[in-house]
Amino acid sequence: MVEVRYNQVVPQATMQGSLDDPGDRQLLMLASENSASTGVRDDSVGLLAAECRAGHGCQAAGIRER
């Protein structure tokens with residue numbers, strides 16, 4: 001008899017919104033600091049950078065200051 005145990009990754013929640021929303025930006029900022037998942041960090045930084053390039057309320061406060 002063999003028993004195999006494994007962890008399963010299941011999404012806990014989803015979010016949709018606008019990067020003009022301070023709460024959404026804050027979640028992306030938190031995700032950009034997550035060194036445990038480079039994919040999540042890279043995606044978050046990419047979304048924030050794309051919004052800055054598009055001229056959407058990009059402020060000096062944020063990633064560069066950390």
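**Labels and their cut-offs**

Reply: Val4 has a relative accessible area of 63% and is exposed. This is a predicted model, where local features need pLDDT of at least 70 and side-chain atom pairs pLDDT 80 or more, while totals for chains, interfaces and linings use all residues. Residues are numbered from 1 along each chain as its sequence is written, and side-chain values use heavy atoms, without hydrogens and water.

Me: Why is Val4 called exposed?

Reply: Buried means under 20% relative accessible area, exposed over 50%, and partly exposed in between (1.4 Å probe, protein chains only). Val4 has 63%, so the label is exposed. Val4 is found in the segment before H1.

Me: What makes Val40 partly exposed?

Reply: Its relative accessibility is 38%, which falls between the 20% and 50% limits, so Val40 counts as partly exposed. Val40 lies in helix H2, and its C-alpha atom is 9.2 Å from that of Leu28, 12 residues apart along the chain.

Me: And why is Gly46 called partly exposed?

Reply: Gly46 has a relative accessible area of 35%, again between those limits, therefore partly exposed. Gly46 also sits in helix H2, with 9.8 Å between its C-alpha atom and that of Leu28.

Me: How do you know that Arg5 and Glu3 form a salt bridge?

Reply: A salt bridge needs a side-chain nitrogen of Lys or Arg within 4 Å of a carboxyl oxygen of Asp or Glu. The closest N and O atoms of Arg5 and Glu3 are 2.8 Å apart, so the pair qualifies. The structure holds 1 salt bridge, and both Arg5 and Glu3 are exposed.

Me: What makes Val2, Val4 and Tyr6 a nonpolar patch?

Reply: Patches take residues with over 30% relative accessible area and no salt bridge, joining nonpolar side chains (Val, Leu, Ile, Met, Phe, Trp, Tyr) within 5 Å and like charges within 9 Å. Val4, at 63%, is over the 30% limit. Val2, Val4 and Tyr6 together have about 400 Å² of accessible area, by the Shrake-Rupley method with a 1.4 Å probe, where only the protein chains shown count as cover.

Definitions and conventions. Helix = DSSP H or I, 4+ residues; strand = E, 2+ residues; numbered from the N terminus.
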